[in-house]
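Student: I have a model open and want to learn how to read it. Where do we begin?

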Amino acid sequence: MGKFFNEILDHHKDFIAHQKIFFVATAPLTSRGHVNLSPKDNASFRILSNNRVAYMDIIGSGNETAAHLLENGRITFMFCAFDGPPNILRLYGKGYSILPDDGNEEWNTLSRYFDIHMATRQIIVGDIDMVQTSCGFSVPLYEYLGERDYAIKWAEKKGEQGLADYKQEKNRISLDGLPTPLY
């Protein structure tokens, strides 16, 4: 039932835009390393072209995605229909992080697509080389109730220096000891 495509088509874009959540998966090269799978708020996701996407990543308890991307670049995004007709869409590609303090033109260009706030850690960019759709018949139906604002309130409470200290303590090294771009 799965179908493969070389780019994100218009009907894929429509499906992605309708979802409230997406998942991002990365992994280190070592077989002893931990695969990382994170849910993300779809409001932070942007389709930049038929083969390029980005999302605004906020500060969290770890920075596994950025560490894995720095090591090997592999990334997969997954969107599931939790309402309406069943469907799963995966975007496969290579990715990288752009930090706010990079001061480079790419940050300046891409940050305009997002509502950057204190909790913003980086922008993750994915260059997509394969798109896959599959049935999603076994994905349960869920009702969307709204967004959470905990991350923004947490960041505001920590303040700029508190966030900088937190990133230094929690976001420089992955679970498996890999450096992140914050290293």
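Student: Which residues of H1 are buried?

Tutor: Note that this is a predicted model. In H1, the buried residues are His12, Phe15 and Ile16. Seen down the helix axis, they fall within an arc of 100°, so they line one face of H1.

Student: Which exposed residues does the face turned away from that buried side carry?

Tutor: Asp10, Asp14 and Ala17.

Student: What do the buried residues of H1 pack against?

Tutor: Five strands: E1 (3-5), E4 (45-49), E6, E7 and E8.

Student: How do I read a nonpolar core?

Tutor: In soluble globular proteins, nonpolar side chains tend to be buried together. Here the largest nonpolar core has 18 residues. Phe45, Phe77, Phe79 and Leu91 have the most contacts inside it. At least two core residues come from each of H1 (10-18), E2 (21-26), E5 (52-58), E6 (74-80), E7 (88-98) and E8 (120-134). Another core, of eight residues, lies apart from it; Ala54, Ile98, Trp107 and Phe114 are among them.

Student: Which residues is Phe79 in contact with, leaving aside neighbours within four places in sequence?

Tutor: The list includes Phe15 and Ile16, along with Phe45, Ile88 and Leu91.

Student: And how do I read a pocket?

Tutor: Rolling a probe the size of a water molecule over the atoms shows where empty space is left. In this model, the largest pocket holds about 1,100 Å³ of space. Its lining has 29 residues, with Lys20, Lys40, Asp41, Glu147 and Arg148 nearest the centre. By class, 13 lining residues are nonpolar, five polar and eleven charged. E3 (36-41), E5 and H4 (150-170) each supply at least two of the lining residues.

Conventions
Residues numbered from 1 in each chain as written. Predicted model: local features only at pLDDT ≥ 70, side-chain atom pairs only at ≥ 80, totals over all residues. Heavy atoms only, no water. Core = buried A, V, L, I, M, F, W, Y, C linked by side-chain atoms within 4.5 Å. Buried < 20%, exposed > 50% of the residue type's maximum accessible area, 1.4 Å probe, protein only. Helix = DSSP H or I, 4+ residues; strand = E, 2+ residues; numbered from the N terminus. Contact = heavy atoms within 4.5 Å. Arc of directions from axis to C-beta. 1 Å grid on protein atoms, 1.4 Å probe; cavity = no way out; pocket = protein on both sides within 12 Å on 5 of 7 lines; lining within 4 Å. Points joined across faces, edges and corners; volume = space filled by probe spheres on them. Nonpolar A, V, L, I, M, F, W, Y, C, P; charged D, E, K, R; others polar.
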